[in-house]
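Biologist: I would like to learn how to read salt bridges and nonpolar cores. Can we work through an example together?

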Amino acid sequence: MKNVLFVCGKARMRSPTAADIVAEWPGFITDFAGLSRDADEMLSSEQVEWADLIVVMDRRQKKRLNDQFGHLVGNTKTVVLGIPDRFEYMAPALVDLMMPKLRQVLGVPD
């Protein structure tokens, strides 16, 4: 099993959508969190340490992740999906945009 942590700003739309999609795929355990102070689920050091792979939604979040948790990220692979913050949770357009990117990042065939 691979522990995959999805991170976005407020943990309301993008990261929970990605986590819920991937949680249905065999071989993955998922969690999600946000980097903003008003995130629904604030990212914790325990989550960062738990993760085998961290997936952020945009480059700015990768920088914030490294600024806030760089000492814990260490050798944990971190990937940027490139998903803009303009979707609702599980919106069909968001799922359509995420699905091929998630499959590629996680090595899951179509």
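Biologist: Is D85 buried or exposed?

Modeller: This is a predicted model. The cut-off for exposed is over 50% relative accessible area. D85 has 56%, so D85 counts as exposed.

Biologist: Which residue forms a salt bridge with D85?

Modeller: R14 does, with the closest N and O atoms 3.9 Å apart. The pair links distant parts of the chain, 71 residues apart. R14 sits in helix 1, D85 in the loop between strand 4 and helix 4. R14 counts as buried, at 3% relative accessibility.

Biologist: Which residues join R14 and D85 in one network?

Modeller: D58 and R60 do, through salt bridges that share partners. The side chains of R60 and D58 meet at 3.5 Å, N to O. R60 is exposed at 58%, and D58 is buried at 17%.

Biologist: How many salt bridges does the structure hold?

Modeller: Seven. One of them pairs R12 with D40 at 2.8 Å, N to O. R12 lies in the loop between strand 1 and helix 1, and D40 in the loop between strand 2 and helix 2, so the pair ties together parts 28 residues apart in sequence.

Biologist: Now the cores. What do nonpolar side chains tend to do?

Modeller: In soluble globular proteins, they tend to be buried together. Here the largest nonpolar core has 23 residues. F6, W25, M57, M98, L102 and L106 touch the most other members. Helix 4 gives the most to this core, five residues.

Biologist: What does F6 touch?

Modeller: Its contacts include A18, V22, F32, V55, M57 and L102. Another core, of 12 residues, lies apart from the largest one; among its members are L5, A33, L43 and V56.

Key: Residues numbered from 1 in each chain as written. Predicted model: local features only at pLDDT ≥ 70, side-chain atom pairs only at ≥ 80, totals over all residues. Heavy atoms only, no water. Core = buried A, V, L, I, M, F, W, Y, C linked by side-chain atoms within 4.5 Å. Buried < 20%, exposed > 50% of the residue type's maximum accessible area, 1.4 Å probe, protein only. Helix = DSSP H or I, 4+ residues; strand = E, 2+ residues; numbered from the N terminus. Contact = heavy atoms within 4.5 Å. Salt bridge = Lys/Arg side-chain N within 4 Å of Asp/Glu carboxyl O. Lists of a residue's contacts leave out its neighbours within four places in sequence.
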